[in-house]
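Please work through the exercises below with the sequence and the model side by side, trying each task before reading its solution.

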Amino acid sequence: MTSIAFIGLGNMGGPMAANLVKAGHSVTGFDLSPASCDQARNDGVTIAGSAHDAVREAEIVITMLPAGKHVLSVYADLLSSVKDGALVIDCSTIDVDSARKAHGMAQERKLMSLDAPVSGGVGGAKGATLTFMAGGAKNAFDRAEPILSKMGKKVVHCGEAGAGQAAKICNNMILGISMIGVAEAFVLGEKLGLSHQALFDVASTSSGQCWSLTTYCPVPGPVPTSPANNGYKPGFAAALMLKDLKLAQEAALASGASTPLGAEAAQLYALFNGAGHEGDDFSGIVNFLRGQKG
Ligand code: NAD
């Protein structure tokens, strides 16, 4: 049994902390939201009176927060209360630069650290089937792996500090671009009189095959479990897709990488979000594209 502190018990952090409790660990948590604390308490997490109280006795401190600024401010405030020899793991999706700064702050305190963002969404967090992409020293990864594997089905060491975040934004840039590509093909197919099922049957077994088509098909029918069959309820909300595409564009600008389709995808998702679809599943972009004049 490991003593674990969990800061940020929202849609993702709450069920992740609950899975650590189920695995037999002692989990003390804290969140600014009383509702998130109540839910986590029901799932067996001990709720501390403050974030400082939550981390004081922990061997491992996990954060699952909205964005880089939250992670850096929590680290600046909290690391002085973390005990010597502890390992800090940030599972939030944040920019690579902030992730590296967070590692630097941990290093100054002589703490081991990892960035370990996830893919798999709320369903994956609940079902302990997340994929973790970790960045940091090998000894930190080896220590974290048995804990992370209680919340996910795959844990990958991607490289040094920030490499987990780099892998996450590259993956999600592929996802955003490929979803728009699949959606455009369905919109074009409709204009050409092609049924959704016929296009799916061909493309899903041809060179157009990809996850956005075969698992997350953006039109109702061919894949019964995709959000298109459930009123485009997320799933993976368009607001989060836009967040990740913006992170990819920031990283592309900072590193000098050429990502023209990533830039276009970020713009289209900004328009989709701006039209009031932040809370819709990101595959709903097909309806937005259908509404545009060719
Ligand atoms: P969320 O908003 O539901 O949860 C974040 C929680 O952090 C909130 O409960 C908030 O009260 C808490 N918080 C903020 N500042 C705090 C502080 N200083 N101290 C303590 N608690 C604080 O968000 P989420 O959906 O759980 O996402 C968390 C992270 O996971 C984000 O970085 C997101 O991009 C990433 N992510 C989300 C999904 C998804 O499908 N929701 C998928 C993959 C990755």
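**Exercise 1: a pair of helices**

The crossing of α11 and α12 is left-handed, a term used when the near helix is turned anticlockwise from the far one by less than a right angle, with right-handed meaning clockwise. The model is a predicted one, in which local features need pLDDT of at least 70 and side-chain atom pairs count only at pLDDT 80 or more, while totals for chains, interfaces and linings use all residues. Residues are numbered from 1 along each chain as its sequence is written, and side-chain values use heavy atoms, with hydrogens and water left out.

Task: state how α11 and α12 are oriented to each other, and which classes of residue meet in their contact.

Solution. Begin by locating helix α11 at residues 238-255 and helix α12 at residues 260-277; helices here are DSSP runs (H or I, at least four residues), as strands are (E, at least two), numbered from the N terminus. Next, take the angle of about 150 degrees at which they pack, with their axes 9 Å apart, where axes are lines fitted to C-alpha atoms, for helices over the stretch in contact, and angles run from 0 to 180 degrees between N-to-C directions. Angles over 145 degrees count as roughly antiparallel, and therefore α11 and α12 are roughly antiparallel to each other. Then look at the residues in contact (heavy atoms within 4.5 Å): among them are L242 and L245 in α11, and Y269 and F272 in α12. By class, this contact of α11 with α12 has eleven nonpolar, four polar and no charged residues; Ala, Val, Leu, Ile, Met, Phe, Trp, Tyr, Cys and Pro count as nonpolar, Asp, Glu, Lys and Arg as charged, and the others, Gly among them, as polar.

**Exercise 2: backbone exceptions**

Task: find where K110 and Y232 lie, and decide whether each is buried or exposed.

Solution. Most residues other than glycine have a negative phi, and most peptide bonds are trans. K110, in the loop between α5 (96-108) and β6 (112-115), has a positive phi near 60 degrees, and Y232, in the loop between α10 and α11, also has a phi near 60 degrees. K110 has a relative accessible area of 72% and is exposed, whereas Y232, at 10%, is buried; buried means under 20%, exposed over 50%, and partly exposed in between (1.4 Å probe, protein chains only). Finally, a cis peptide bond with omega of about 10 degrees joins P234 and G235, and G235 is placed in the loop between α10 (211-214) and α11.

Conventions: Angles under 35 degrees count as roughly parallel, over 145 as roughly antiparallel, 65 to 115 as roughly perpendicular and the rest as oblique.
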